[in-house]
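User: I have a structure open and would like to go through it. Can you help me read it?

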Amino acid sequence: MEIELGPLFVGGLLAGWGVAVPLGAIGVLLVREALAGGFGSGAVAALAVALVDGLYCVAALAIGAVAAPVLASWGAAPAVGAGLILLLLGALGLRRRPAAAQPRDKPPRPSSPGRVFATFAGLTAINPATLLYFGALTAALPPSLGLDTAPAVFVAGAVVASLAWQLVLVAVGAFAGGRIGVRGQAVLSACGYGLVMVLGAAAVVAALPGLVAG
C-alpha cells in the first residue's frame, strides 16, 4: 500500500500544535526568557522545548499504547510532583527578582546557551502529560495513515509545529523586552513567575484528590 507523506506530516503538525499551543508554565517561561535575555536566548529555550516534544513523540511511537496505561497506573503522583516543581520554580524566580534592581553599571549576567537549553529541556521533560497525549493520539490514528511505515515524517511535523509556536512566544517576549523599561520588565517578570506558581498550585489541587483516593 502506497503511503502519502503529506497527510502524515500534517497529522504531525496538528499533534505538535495540540501539545504546544495551550499556554502553560513552559510558554510563560519562554516569554519571560526572551523578555530578559532577548530573542537568541529565547530561541535556544524554544529549541529545547521542541526537541523534548519530539523525543516524547518518538517514545510514544516506539512503545505505542503501552506507555499511557503505565503512566496512568501511577495515579496522580506525577501531576502532583510536577505541580510542586512549578511552585518551587516560581518561588525561586520571585526570590531572585530583586537582583535585577542592581545599578546599571552591574547588569545581571545572562545565562549561557547551554544552561538555558538544559533548563528548558528538563522542565519540559518532567511533564508526563506530553507522553500521554502523544501515546493516546498515535494509538487513535487510523492504520491507513501509514504511521508505522514513515514515523519520522509524523515526528518531523510535530517538532516543526512545536518549534514554530515556541518561537512565536519568544518573538512576543523579545518584542516587549525592547520596548519597556527596567521597572516594566521587573513587573512582567514577577507576573510571569507568579503565574507559574498559580499553574503549579492548580496542578496540585486538581491532582491531590486522586492521590488521596489512591
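User: What does Gln-166 touch, not counting residues up to four places away in sequence?
Analyst: Gln-166 touches Ala-20, Leu-30, Ala-46, Val-49 and Asp-53. Contact here means heavy atoms within 4.5 Å. This is a predicted model, in which local features need pLDDT of at least 70 and side-chain atom pairs count only at pLDDT 80 or more, while totals for chains, interfaces and linings use all residues. Residues are numbered from 1 along each chain as its sequence is written, and side-chain values use heavy atoms, with hydrogens and water left out.

User: Where does Gln-166 lie, and is Gln-166 buried or exposed?
Analyst: Gln-166 lies in helix H7. Helices (H or I, at least four residues) and strands (E, at least two) are DSSP runs, numbered from the N terminus. Gln-166 counts as buried because its relative accessibility is 3%. Buried means under 20% relative accessible area, exposed over 50%, and partly exposed in between (1.4 Å probe, protein chains only).

User: And Val-172, buried or partly exposed?
Analyst: Val-172, also in helix H7, counts as partly exposed, at 48% relative accessibility. Val-172 and Phe-39 are 133 residues apart in sequence, but 9.1 Å apart in space, C-alpha to C-alpha.

User: Zooming out, how many helices and strands are in the protein chain?
Analyst: The protein chain has eight helices and zero strands. Of its 214 residues, 36% count as buried. Among contacts between residues at least 6 apart in sequence, 92% join residues at least 24 apart.

User: How far apart are the end C-alpha atoms of H1?
Analyst: They are 22 Å apart, which agrees with the 22 Å that the 16 residues of H1 should span at 1.5 Å a residue. Buried residues in H1 include Leu-8, Gly-12, Ala-15 and Val-19.

User: What does Gly-12 touch, not counting residues up to four places away in sequence?
Analyst: Gly-12 touches Phe-154, Gly-157 and Ala-158. Gly-12 is at 0% relative accessibility, so it counts as buried.

User: Now the largest nonpolar core. Which residues touch the most other members?
Analyst: Of the 34 residues in this core, they are Leu-29, Leu-30, Cys-57, Phe-120, Phe-134 and Val-196. H2 provides the largest share, 13 residues. A nonpolar core is a set of buried Ala, Val, Leu, Ile, Met, Phe, Trp, Tyr and Cys residues joined through side-chain atoms within 4.5 Å.

User: What is Phe-134 in contact with, leaving aside its neighbours within four places in sequence?
Analyst: Phe-134 is in contact with Ala-15, Val-19, Asp-53, Tyr-56, Cys-57, Ala-60 and Ala-158.

User: Last one: which residues are buried in H5?
Analyst: Val-116, Phe-120, Ala-121, Leu-123 and Thr-124 are buried in H5. Seen down the axis of H5, its buried residues fall within an arc of 165 degrees, so they line one face of the helix. The arc is that of the directions from the helix axis to the C-beta atoms.

Technical notes:
The expected span of a helix is 1.5 Å times one less than its number of residues.
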